[in-house]
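Please read them alongside the sequence and the coordinates.

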Number of protein chains: 6
Amino acid sequence: MIIDSHAHVVVPAESYKFMAELVASRANPYLMPKLSDEAVRNAAKLILDIMDKVGTDIQFLSPRPYMQMHSVKPARVTALWTQHMNDLVHRTVQMFPKRFRPVAGLPQYRDESPANCLKELEIRVKEQGFIGCLLNPDPTEGDGTPPPGLGEEFWYPLYDKLCELDVPALVHSAGSCSPRESYTLKFINEESIAIVSLMNSKVFEKFPKLKLIVPHGGGAIPYHMGRFRAWTIRSGGEFFDDRLRRLHFDTTTYDKDALELLFKVVGADRVLFATENPGTGSAPDPKTGRAYDDLKPVIEEIAFLSEEDRRNVFECNCTRLYTRFRKDD
Amino acid sequence: MIIDSHAHVVVPAESYKFMAELVASRANPYLMPKLSDEAVRNAAKLILDIMDKVGTDIQFLSPRPYMQMHSVKPARVTALWTQHMNDLVHRTVQMFPKRFRPVAGLPQYRDESPANCLKELEIRVKEQGFIGCLLNPDPTEGDGTPPPGLGEEFWYPLYDKLCELDVPALVHSAGSCSPRESYTLKFINEESIAIVSLMNSKVFEKFPKLKLIVPHGGGAIPYHMGRFRAWTIRSGGEFFDDRLRRLHFDTTTYDKDALELLFKVVGADRVLFATENPGTGSAPDPKTGRAYDDLKPVIEEIAFLSEEDRRNVFECNCTRLYTRFRKDD
Amino acid sequence: MIIDSHAHVVVPAESYKFMAELVASRANPYLMPKLSDEAVRNAAKLILDIMDKVGTDIQFLSPRPYMQMHSVKPARVTALWTQHMNDLVHRTVQMFPKRFRPVAGLPQYRDESPANCLKELEIRVKEQGFIGCLLNPDPTEGDGTPPPGLGEEFWYPLYDKLCELDVPALVHSAGSCSPRESYTLKFINEESIAIVSLMNSKVFEKFPKLKLIVPHGGGAIPYHMGRFRAWTIRSGGEFFDDRLRRLHFDTTTYDKDALELLFKVVGADRVLFATENPGTGSAPDPKTGRAYDDLKPVIEEIAFLSEEDRRNVFECNCTRLYTRFRKDD
Amino acid sequence: MIIDSHAHVVVPAESYKFMAELVASRANPYLMPKLSDEAVRNAAKLILDIMDKVGTDIQFLSPRPYMQMHSVKPARVTALWTQHMNDLVHRTVQMFPKRFRPVAGLPQYRDESPANCLKELEIRVKEQGFIGCLLNPDPTEGDGTPPPGLGEEFWYPLYDKLCELDVPALVHSAGSCSPRESYTLKFINEESIAIVSLMNSKVFEKFPKLKLIVPHGGGAIPYHMGRFRAWTIRSGGEFFDDRLRRLHFDTTTYDKDALELLFKVVGADRVLFATENPGTGSAPDPKTGRAYDDLKPVIEEIAFLSEEDRRNVFECNCTRLYTRFRKDD
Amino acid sequence: MIIDSHAHVVVPAESYKFMAELVASRANPYLMPKLSDEAVRNAAKLILDIMDKVGTDIQFLSPRPYMQMHSVKPARVTALWTQHMNDLVHRTVQMFPKRFRPVAGLPQYRDESPANCLKELEIRVKEQGFIGCLLNPDPTEGDGTPPPGLGEEFWYPLYDKLCELDVPALVHSAGSCSPRESYTLKFINEESIAIVSLMNSKVFEKFPKLKLIVPHGGGAIPYHMGRFRAWTIRSGGEFFDDRLRRLHFDTTTYDKDALELLFKVVGADRVLFATENPGTGSAPDPKTGRAYDDLKPVIEEIAFLSEEDRRNVFECNCTRLYTRFRKDD
Amino acid sequence: MIIDSHAHVVVPAESYKFMAELVASRANPYLMPKLSDEAVRNAAKLILDIMDKVGTDIQFLSPRPYMQMHSVKPARVTALWTQHMNDLVHRTVQMFPKRFRPVAGLPQYRDESPANCLKELEIRVKEQGFIGCLLNPDPTEGDGTPPPGLGEEFWYPLYDKLCELDVPALVHSAGSCSPRESYTLKFINEESIAIVSLMNSKVFEKFPKLKLIVPHGGGAIPYHMGRFRAWTIRSGGEFFDDRLRRLHFDTTTYDKDALELLFKVVGADRVLFATENPGTGSAPDPKTGRAYDDLKPVIEEIAFLSEEDRRNVFECNCTRLYTRFRKDD
C-alpha cells in the first residue's frame with residue numbers, strides 16, 4: 001500500500017471568498033460560509049484524480065500550511081479559518097473514507113502559548129477521528145519576535161496533549177511576512193531551526209513518546225551533518241546522528257540526489273513517503289516528463305534501498321507512527 | 001436619468017482566490033490571475049439585474065473599499081490587488097459601456113505618502129477613461145499611527161493631481177484592524193474626521209478646484225451641526241454651514257429621516273444619489289419590503305424636495321462634478 | 001422640574017495651576033492644592049447664574065471630561081487629578097445641595113483594567129452621595145492601542161460594581177492625542193464605537209441592571225440606522241432598533257433637526273435632558289440669539305412630543321435611571 | 001550692581017489655564033489667551049518684592065524650565081506654550097526695563113533637530129531685545145531615546161545661530177517623564193551629561209565663540225573631578241580642568257560648602273551669580289532663617305574670594321558674557 | 001587595619017575570551033571556560049602588589065561593574081557571565097584568604113524582577129562565605145525603560161533577602177548603552193537617582209535592617225544638599241540631612257575637596273574607605289605624583305577628621321556594616 | 001597549489017580584551033589596543049601549523065564572522081572592532097605574505113545602508129592589497145527587522161563598489177540574537193535566503209561583473225533543487241539550475257555525501273576549496289580520525305571528479321575569481 005503521509009486540501013472557491021472576507025473585515029463582522037457537498041466533492045476529486053494517476057492509495061489530508069494565517073490580527077481570524085479548514089478536511093474524509101485520513105490544523109496565533117490549541121486538537125481527534133496535526137514553529141510568520149524554539153518549555157502543553165492523544169505532529173511553518181524570505185523557503189529554514197532546537201533540548205527525555213515529523217527532507221540539516229557532528233564531538237554528549245534518530249522525516253524534497261542523501265543520513269526506517277501533491281512540486285520535470293512531486297518512481301529507482309526499506313517508506317514507517325490510523329476506516 | 005454615483009464591483013471567485021493567495025504568500029511569490037470574460041460578465045450581470053430592478057441607469061463602479069487591504073504588509077500586496085481590481089473595473093465598463101463608468105482604487109499603503117498613487121491614477125484616467133477615484137483617509141486601517149488629517153500637506157501631492165486631471169475623489173476608508181471598530185463603523189468615523197480636518201484647513205484655498213465627495217451622508221457631521229456651528233461662532237472665521245458647502249455628499253445612509261436631515265443641512269445641490277447596491281444596505285426592510293439600499297423611492301417620497309432638487313440629486317449634481325463623465329461613452 | 005443630567009464643573013484658577021504643575025512635574029514631586037471655599041463658590045456661581053437664566057432646576061455635575069488626562073504618564077497624574085476634581089464636585093454640591101448632584105470621574109489609566117477605579121467610585125457613592133459616574137471608553141486618548149470595546153469582558157469589573165452600587169455611567173471619552181481627531185469629535189466617534197460594541201455583545205444579558213447613557217445624541221448611530229438595521233436583518237438576531245432600547249441617550253447635540261431625529265429613532269422615553277452648559281454649545285446662535293446649548297425652548301418647540309414625553313425628557317427618565325437621586329437632598 | 005543671571009517668570013493664573021487647556025486638548029483646537037497688563041504686572045511684582053528684599057538689581061528672566069513641556073505630543077503644544085511664555089517675558093521686561101532682561105525659551109520638541117527653534121530665537125533677539133536663551137539637552141524629557149549629547153553635530157545648527165547672534169545659552173533641562181527621576185534631579189544629571197559630552201567633543205574648536213552656561217553649580221562634575229582628571233591623564237589630550245574653562249557656571253546650588261567647592265574647582269572668573277529666586281531654593285534655612293536661595297550673603301561670607309572675585313561673580317562675569325546686555329536699557 | 005571596601009577583580013585573558021564569545025554567540029551555543037590556578041593567581045597578584053604599595057590590608061572584591069552586561073540579550077549571557085565572575089572572586093579569595101573578602105555580582109537582567117537573583121546570592125553567601133553584593137539600580141543599562149526607582153516595591157524581594165542574610169549591598173550601576181552617557185558618568189547619575197528615590201520612600205521603615213552603601217561619594221547629592229533641604233522644608237516631613245543618615249557612602253571620589261565636602265555633609269561615621277584600585281582612578285596625579293585612587297594619604301591629610309574618625313573610615317564603619325566579615329577568615 | 005579560500009584569523013588575547021571592553025563600555029570611552037608583533041605572530045602560527053599539517057599552501061584570511069558584532073549598539077562598536085580585525089588580518093598577511101591573502105570585514109551596522117562600508121573597503125583593497133571581502137546579508141543579526149534581501153536595490157551601492165574594485169564578496173552572516181537560531185545555523189539559513197533573493201532579482205543583469213560566493217555549500221539550496229526547479233517551470237523564465245550558475249560556492253560543509261551533492265548540482269567549475277580551518281569543523285571525525293574540516297582527502301576521494309575538476313576546485317576557480325590574487329605577492 002502506498003500512503004502519502006503529507007498532503008493538503010484543495011481549497012474551494014467559497015472558502016477563498018470566506019478567507020478574503022475574513023482578512024478584509026478582520027473577522028468583524030463575519031458570517032461562516034456553508035460549503036455545499038458538491039464543492040467539497042469537486043475539490044476532493046481533483047486530488048483523487050492525481051492519486052489514481054500516480055498510484056497513491058491513501059493521503060493524509062491537512063489544511064494548506066502557507067494559508068493558515070497564524071499572524072493575521074486579531075486572533076479570531078485564524079481561529080475561524082482553522083475551524084473552517086478542519087471542517088473541510090473532515091467532510092472530505094467522510095466522503096472518501098477509504099482514500100483519505102484527516103490531519104488537523106491548529107489555531108496557533110503569533111507568540112501566544114499553544115495551550116489555546118488543545119481544545120480544537122482534542123475535539124478533532126476524539127470526536128472526528130483525526131490522526132495527527134500540523135505544528136507551526138513560528139506562528140508570528142516572521143512578523144515580530146518569534147516564540148521560543150521547539151526545544152523550550154513554551155511548547156510543553158502541546159507536547160503533553162500530543163502524547164496523551166498519541167498523535168504525531170508534522171512540523172510545518174505557515175506564511176512568511178518577511179519580504180526577503182518567501183514562505184516556501186521559510187518552510188526549509190524553520191525545519192532546520194526546529195531540528196537544532198530539539199536536538200539541543202531535553203524534550204525527548206521529558207516526552208519519550210512524542211512523535212514529530214520534519215517534512216521536506218528535514219530542512220537543511222541532512223546536508224550539513226558535518227557541522228553538527230563536529231559540534232557534538234566538541235561539546236560532548238550524544239553524537240548528532242544518534243540524536244537525530246528521535247525524529248522522523250518525509251520525502252517532500254523532489255530530487256533523487258537529495259532523497260538519496262536523506263536516506264543515507266537518517267536511515268530508511270525514519271523516512272515517510274510524502275508528496276504534498278498537488279502542491280509546490282506539481283510541475284513537469286523537463287528531464288523525465290513526470291511532475292517533480294511524482295516521487296514513487298524516484299524512490300523505486302534508488303538502488304541502495306532494499307524491498308523492506310521501500311515497504312517501510314511507502315507504508316510501515318507511517319502506520320507505525322500514526323497509531324490512530326486504521327486500514328479499514 | 002438615474003446615476004448611482006457610488007457602487008462597487010462584485011468580486012469573481014478567481015479574484016477571491018488571488019486575494020487569498022496574495023495574503024497567504026505576502027505576494028512572495030505571486031502569479032497574476034487571468035479572469036475570463038465570462039467571469040467578468042457574470043459578476044457584472046449580478047449588478048445589472050439589480051440596476052434594472054431598482055431603476056438605475058448608470059452606476060459609477062469602483063473596487064470594493066473594505067477589501068482594499070491598504071495596511072497588509074508588504075506594500076506589494078495592495079499594489080497588485082489594486083491593479084487587479086482596477087483592471088476588473090475597466091473590463092466591466094468596457095463590456096457594458098452604457099451602464100457603468102469606472103472609478104479607480106488607489107494603491108495607498110499605510111502611512112506612506114499618496115505620491116506613490118499618482119502614476120496609477122494618471123494611467124487609469126488618461127488611458128482608460130476612469131472619471132474619479134477613491135481616497136482612503138486612513139490606509140493604516142487602524143493598525144498603527146494614522147497619517148495626518150485630510151487638511152494637512154501630506155495629501156497635497158494627491159490633491160494636485162486630482163485638480164490637474166479634474167477628477168473628484170470619493171472619501172472612503174477601507175478595512176479596520178481595530179477589534180473594537182468594525183470597518184462599517186470606521187467608514188462613518190473616518191468621514192467625520194475627514195470633514196472636520198478639511199473644514200479647519202486651507203485646503204480649498206490652496207486647491208479651489210478640488211472636488212471631494214463624502215459618502216454615507218457625511219459621517220456624523222450633519223447630525224452634529226450645533227457642536228461645530230458653536231465652535232466657529234466662538235473661534236471666529238467663516239460659519240460652519242458655509243464652510244461645509246465646499247464639500248459634496250452622497251445618499252448612502254439608508255434611512256428616510258437621516259436623508260431628510262442631510263438635505264436640510266447641506267442642501268439638495270450638494271448631495272449625489274448613491275446606493276452602494278449591492279452592498280451593506282442590501283437587506284429587506286421589514287417595514288417596506290424593499291431593500292434598505294433601494295433609495296430611489298425613498299428620495300422621491302421626501303416632500304420638501306422640488307422636482308429640480310430631485311433632478312439634481314439623481315443626475316445633475318453628479319454630472320456637474322464628474323466632468324469626465326460623457327453620456328454617450 | 002428641569003434636570004440637566006449632564007454638566008461639568010467650572011475649574012477654578014488654583015486647579016488649573018495644579019493641573020499645569022502635575023503635567024510639568026509628572027506628579028514627581030507634587031503638593032495637593034487647597035481650594036478656598038471662595039474659589040469653589042465663585043466657580044459654582046458661574047454655573048448657577050446660567051441655570052437661573054435658562055431655567056434649569058438641578059444639574060448633575062461631573063469633572064470636565066476633556067480634561068481628565070487619562071493618558072498622561074504616569075498613572076499618578078490622573079489619579080491625583082481625578083481625586084482633586086471629584087473633591088471639587090463634592091464641595092460644590094455640599095455648598096448648593098438643592099441645585100447640584102454629584103457624578104464622579106474615574107481614575108482610568110490608558111489600557112489598564114478599570115478595576116483600579118472601583119475603590120474611588122465606591123467611596124464617592126457610599127460616603128459622599130455621588131449618584132453616577134463618567135466612563136471613558138478609550139482612556140488611552142488615542143495614544144496607542146485602545147482597550148477592548150465596551151462589549152468585552154475587559155469592562156466587566158466596572159459593570160459589576162455599577163450594578164452593585166446601582167448607579168448609571170455616562171459614556172464620555174476624554175482627550176484625544178491624535179492630531180487629526182479633536183477631542184470634541186472623538187466624543188462622537190467613541191460613542192458610536194461604544195454603541196456598536198455593546199449592541200453586538202452579551203453585556204446586557206450578563207448585566208441586566210446595567211445602566212449606560214450615551215450622550216451627545218448617541219454619536220453617529222441614530223443618523224445611520226439603515227446601515228445597522230440591514231446588518232441585523234442579514235445576520236439574524238434581534239432587530240437593531242430593539243437592541244438599542246437597552247441604552248439611554250441625552251440631548252447634548254444642539255440642533256433641533258438632530259434632536260427630532262433622535263427622538264424619532266430611540267423614543268422619548270430613552271432620552272435625558274442635558275446641556276453641558278457652560279460648555280461646547282455655549283455660543284450664541286445667530287438665528288435665534290440664544291446660545292446653542294439653551295436646549296429647553298428647542299425641545300419645547302418639537303411638535304411631535306407630547307406633554308408626557310416632555311416631562312419624561314426633562315425629569316422622569318432621569319429620576320427613574322438615577323435611583324440614588326433624592327429630590328430633597 | 002547685583003545681577004541675578006538665572007531667574008524665571010512667575011506664571012499668571014490665565015497662563016496656567018491656557019497650559020491646562022493646551023494639554024487637555026493637545027492644541028486641537030486652541031485659543032491663544034490674552035493676558036491683561038494687570039496680570040503681567042502682578043506676576044512681576046511678586047518677583048520685584050523678592051529682588052528688593054534680597055538686594056538684586058537686575059534679573060535675567062526666562063520661562064520656567066520644568067514647565068516647558070518639550071515632550072508633550074504634538075509639537076504644536078510646546079510651540080504655542082513657548083510663544084506664550086516668551087511673550088510674557090517680553091511684556092514683563094517692557095514694563096520694568098530697569099529691573100529685568102529677557103532670556104528666551106526655545107520650542108524644542110522631543111528628538112527633533114533644534115533647527116526648528118532658530119526662527120523663534122532670531123525674532124526674540126533681533127526684534128525684542130532678548131539677550132540669551134535656554135537650551136534643553138533632553139527635550140524628550142526622558143520619554144524615549146534622547147537626542148545625541150551636546151558634543152554632537154545634531155546641535156550645530158543651534159550653535160551656529162547662537163554664535164551669529166552672539167547670545168549665550170543656559171543649559172537647562174525641562175521636565176522628566178521617568179517616574180524614578182524627578183525633574184529637579186534630572187536638571188543635575190543632564191548638566192553632568194552635557195559637560196562630559198562637550199568636554200569630549202570638538203564643539204569649542206568648531207565654535208570658538210560659543211558661550212554655554214551650566215547652572216546649578218555644574219551638575220555633579222565639580223564634585224567628581226578626580227574621576228575625570230584621571231581619565232584625561234590616561235587617555236591623553238588636554239587636562240580636564242583646562243577643558244572645563246571653556247564653560248561657564250552659575251551659583252544655583254544653595255549651599256556654602258558646595259559653592260566653595262565650585263569656586264575652587266572652576267575659578268571665580270567662570271561663575272555667574274544666580275538664584276532662580278523664587279524657585280526651588282525658596283524655603284527658609286532653619287540654621288540661618290534666610291531662604292536657601294538668598295545667596296548673596298552666602299557668597300559674601302566665602303573668605304577666600306577677593307573683592308574682585310565678588311565683583312566678577314555678582315556682575316562682571318555676567319556682563320562680559322551677555323554682550324547684548326546694556327545697563328541703561 | 002586598612003580595609004578597602006570597594007574593589008574589583010582583574011579579569012584574566014581567558015575570561016575576556018569567554019566574554020567575547022558569549023556576546024558573539026549570544027550564549028548559543030557556549031562552553032564554560034576553565035581558568036587555571038595560575039591565571040587566577042596572576043590576576044590576584046596584580047592587585048596584591050598595589051595593595052602592598054598603598055598600604056591596604058584587605059580588599060572586598062567583586063566583579064567589575066561596568067562589565068556586568070546586565071542588558072545584553074538574552075538573559076543567559078549575563079547569567080553565565082555573573083557565575084563565571086563570582087567563581088573568579090571565590091577562587092581568588094580562597095587563594096588569598098587574608099587579603100580579600102568576596103562580594104557577589106548579581107545576575108540582574110534588564111527590567112526583570114530581582115527575584116531571579118536570590119538563589120545566586122544565597123548560595124554565594126551561605127556556601128562560599130560572600131559578605132555582600134553589588135546592586136545595579138538600572139540593569140537595562142540605559143537601553144529601554146528602566147525599572148522603578150530603588151524606593152519602589154519592585155526591589156522588595158531583594159531587600160528581603162539582604163535583610164535575611166544580613167549582607168549589605170553596594171549600589172553600583174553597570175554599563176550604559178546611551179551614546180551620550182558613558183558608564184562612568186552613569187555610575188554617578190544612578191547613585192543620585194537611587195538616593196532621591198530611597199529618601200522619598202518607605203523602604204527603611206519596611207526594612208529597618210537594610211544596609212545600602214552608595215559609592216563614589218554619593219553621586220551628586222552631597223554637592224546639592226541645598227536643593228533637597230529646601231524641598232523637605234517645603235513639603236514637610238523629616239529634614240533631608242536626617243533622612244540621609246540611613247545610607248552609607250564610600251570614598252571613591254578621588255579628590256580631597258570633594259572628600260572634605262562628603263565628610264562634612266554625611267558625617268565621618270557614614271563613610272567607608274574605598275578606592276576601586278586598580279580602576280578609574282588609577283592614573284598619576286601630576287600635582288602629587290601619586291595615583292588619584294591612592295586615597296589613604298589624602299584622607300590622612302584632612303585636618304578636621306579626628307583619630308577616631310579615621311579609624312571609623314578605614315576600618316570600623318566597614319566592619320560594623322559587613323557583619324559577616326571575620327578578621328581571621 | 002592548494003588554496004583555502006575561506007578562513008578566519010585566530011583572535012589574540014589582547015583583542016578579546018578589547019572586544020570585551022568595547023561591548024562593556026559601548027565604545028564610550030574606548031582606547032584602541034596595540035597588538036605586539038609577537039601576539040600577531042603567535043596567532044598566525046596556530047594557523048600555519050594546521051595548514052602545514054593538512055597541506056594547504058595559501059589561506060584567504062578574513063575576520064571571524066560570528067564575532068563581527070554588526071548589531072551591537074551603537075555603530076561605533078562595530079566600526080572600531082572591524083578596523084581592529086582588518087588591521088590584524090593586514091599585519092598577519094604582511095608577516096607571512098607567501099601563506100596568506102587578506103579578505104576584509106565590513107563595518108556593516110544593523111539595517112543601515114552598506115554605503116557606510118565603501119570607504120573601509122576601498123582603503124583596504126587599494127592601499128593594503130585586500131583581495132575580497134565578507135558580506136553579511138543580515139547585519140541586524142536577527143535583532144529587529146532585517147534589511148531587504150540581497151536582490152534588492154538596498155545593496156546596489158556595495159555591488160557597485162565591488163565591481164569597480166573587481167573583488168568578490170563572500171556572503172557570510174555574523175551572529176544571531178534570536179535565542180532559537182544559533183549563529184552557526186543562521187549562516188546556513190541566511191545563505192539560502194541570499195540565494196533565493198538573488199535568483200529572483202535582476203542583480204546580475206545590472207551588475208554582470210559582480211562576483212558572489214555562497215559558502216557552506218550554498219546553504220540549503222542544493223539539497224532543495226526540486227522545489228525551486230518546479231517554481232521556475234511554473235512561473236516561467238530561466239530554469240533554476242541555469243540561474244544558479246551566476247553564483248559561486250565553497251566546500252565548507254564537512255561531509256562527503258553533501259559535497260558530492262554540491263558538485264553534482266552546481267558543477268565542479270563553480271565550487272572553491274575552503275575549510276574555515278580552524279573553526280566549526282575542527283573536531284576529529286571518529287570514523288576517519290581526521291578533523292571534519294580536513295577536506296582535501298575527502299575531495300580527492302570523490303570518484304566522479306576529474307583531475308581537471310580537482311585542479312579547478314583546489315586552485316583555478318579561486319584564482320579566476322579573485323583577480324587581485326597574485327601568486328608571488
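**Notes on the model**

1. F:C133 is buried, at a relative accessible area of 0% (buried is under 20% relative accessible area, exposed over 50%, partly exposed in between, with a 1.4 Å probe and protein chains only). Its sulfur lies 8.8 Å from the closest cysteine sulfur, that of F:C117, which is too far for a bond. C:C177 counts as buried, at 14% relative accessibility.

2. On conventions: this is a predicted model, in which local features need pLDDT of at least 70 and side-chain atom pairs count only at pLDDT 80 or more, while totals for chains, interfaces and linings use all residues. Residues are numbered from 1 along each chain as its sequence is written, chains are lettered from A and ligands numbered from 1 in the order in which they are written, and side-chain values use heavy atoms, with hydrogens and water left out.

3. Between chain A and chain F about 4200 Å² is buried, 59% of it from carbon and sulfur atoms (buried area is the accessible area, 1.4 Å probe, that two parts lose on being put together, summed over both). A:R180, A:Y223 and A:R227 supply 25% of the area that chain A buries against chain F, more than any other three residues. The contact takes 51 residues from chain A and 51 residues from chain F (contact means heavy atoms within 4.5 Å).

4. There are 10 salt bridges between chain A and chain F (a salt bridge is a side-chain nitrogen of Lys or Arg within 4 Å of a carboxyl oxygen of Asp or Glu). One of them joins A:K264 to F:D257, with the closest N and O atoms 3.8 Å apart. Over all chains the search finds 148 salt bridges.

5. Within chain E, the side chains of E:D138 and E:K186 form a salt bridge at 2.8 Å, N to O. E:D138 lies in the loop between β4 (132-135) and α5 (156-165) and E:K186 in helix α6 (residues 183-199), so the pair ties together parts that are 48 residues apart in sequence. Helices (H or I, at least four residues) and strands (E, at least two) are DSSP runs, numbered from the N terminus. E:D138 is buried at 2% relative accessibility, and E:K186 is buried at 3%.

6. In chain B, B:K186 is paired with B:E190 in a salt bridge of 3.1 Å, N to O. Both residues lie in helix α6 (residues 183-199) of chain B, four residues apart, about one turn of the helix. B:K186 is buried, with a relative accessible area of 3%; B:E190 is buried at 3% relative accessibility.

7. B:M85 sits in helix α3 (residues 75-95) of chain B and is buried, at 3% relative accessible area. Apart from its neighbours within four places in sequence, B:M85 contacts B:V9, B:V11, B:S15 and B:P63. The C-alpha atoms of B:M85 and B:P63 are separated by 5.7 Å, the two residues being 22 apart along the chain.

8. C:T280 is in the loop between β8 (271-272) and α11 (295-301) of chain C and counts as buried at 16% relative accessibility. Beyond its neighbours within four places in sequence, C:T280 is in contact with B:R227, B:A230, B:R234 and C:T184.

Conventions: Disulfide = S-S within 2.5 Å.
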